[in-house]
Amino acid sequence: MFSYRYGLEALYKINPVWVAGIQVSQFNGNVDEFLDHAEVVDEDAPELNLDGAWVSVFTGIDF
Amino acid sequence: MVADILYPMPPSLFTTLSVRYGWSVHQAPSTGLYTVGLTDIGGYYGDQILVKWSLNPKMDIGVDIGLGARYVQKTLGSSRVESQEISYRYIHAYVDYLLVKDLNFELRGFVGAKTWMAYSTKSSTPKQVATIYIIAERELCLAIVMG
């Protein structure tokens, strides 16, 4: 199984090092690996559908 | 400077490095969750760390690591509810490309593909809903008597 996310990022350079922006994207795919409370994979667990819109507000640094 | 300290790492590895922290909201389907008796289903809220390097002035490649969690309620009989957290984690290979650049503003298109993903659920201690109703009823009776 293959899943992916694609979209656009608007970025503003506050100064030469510090940046901030927003990402708007679409996620497509299912998660098929379920971890139980002991972090062990449960083979019988159902898949989790994660198709949907995604918005992220971010900040960061450029070295 | 960083490359000098970590010699023999190539200086270009650090001069082209970018690190981002993001807070994300992800609206995913809830259809399957309603059928198993879960309610109050909202979106996934999560954190995201992106580390990327510039291949050239227009294209970056990197790794996008994140997690998301949503909180739902499960009714246990007529008077008990249990709160459940459904969470997922991912590691994406990531590439972006500069589309528009104007002074301090940039618009980039990006694609992140799955390299590893997993999800899990966590339950809280069930709460007695009836207790809350009893307190509310008593307050209401008091208010009527005093009014």
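Predicted model: local features only at pLDDT ≥ 70, side-chain atom pairs only at ≥ 80, totals over all residues.
Which residue stands opposite B:I86 in strand 6 of chain B?

Residues are numbered from 1 along each chain as its sequence is written, and chains are lettered from A and ligands numbered from 1 in the order in which they are written.

**View 1. Chain A is built from seven strands and zero helices.** Helices (H or I, at least four residues) and strands (E, at least two) are DSSP runs, numbered from the N terminus. Along the sequence, chain A reads β-β-β-β-β-β-β. Its radius of gyration is 17 Å, well over the 11 Å that the globule rule gives for 63 residues, so chain A is more spread out than a compact globule. Here the radius is taken over C-alpha atoms, and the rule is 2.2 Å times the number of residues to the power 0.38. Along the principal axes, the C-alpha atoms of chain A fill a box of roughly 50 × 25 × 15 Å.

**View 2. Chain A and chain B meet through 36 residues of chain A and 35 of chain B.** Residues are in contact if their C-beta atoms, placed from the backbone, lie within 7 Å. On the side of chain B that touches chain A, strand 6 of chain B gives the largest share, 14 residues. That side divides into 17 nonpolar, 13 polar and five charged residues; Ala, Val, Leu, Ile, Met, Phe, Trp, Tyr, Cys and Pro count as nonpolar, Asp, Glu, Lys and Arg as charged, and the others, Gly among them, as polar.

**View 3. Strands pair within chain B and across to chain A.** Two strands pair if DSSP finds at least two bridges between them. Strand 5 and strand 6 of chain B are antiparallel, with 18 bridges, and B:T121 is the residue opposite B:I86. In their hairpin, which has two residues between the strands, B:L103 takes a positive phi near 55 degrees. Strand 1 of chain A (residues 4-13) runs antiparallel to strand 6 of chain B, joined by nine bridges, and A:Y12 has B:F105 as its bridge partner there. Ten bridges link strand 7 of chain A (residues 52-62) to strand 1 of chain B, also antiparallel; in that strand of chain B, B:Y21 is the bridge partner of A:T59.

**View 4. The largest nonpolar core has ten residues, drawn from chain A and chain B.** Such a core is a set of buried Ala, Val, Leu, Ile, Met, Phe, Trp, Tyr and Cys residues joined through C-beta atoms within 7 Å. A residue is buried if 20 or more other C-beta atoms lie within 10 Å of its own, exposed if 12 or fewer, and partly exposed in between, with C-beta atoms placed from the backbone. Members of the core include A:F27, A:W54 and B:Y88. Among the residues that B:Y88 touches are A:V31, A:L48 and A:L50.

**View 5. A:E9 sits in strand 1 of chain A, and B:L98 in strand 5 of chain B.** A:E9 is buried, with 22 other C-beta atoms within 10 Å. Beyond residues up to four places away in sequence, A:E9 touches A:G21, A:Q23, B:D96, B:R108 and B:F110. B:L98 has 17 C-beta neighbours inside 10 Å and counts as partly exposed. Leaving aside neighbours within four places in sequence, B:L98 is in contact with B:K58, B:E106 and B:R108.

Definitions and conventions. Contact = placed C-beta atoms within 7 Å.
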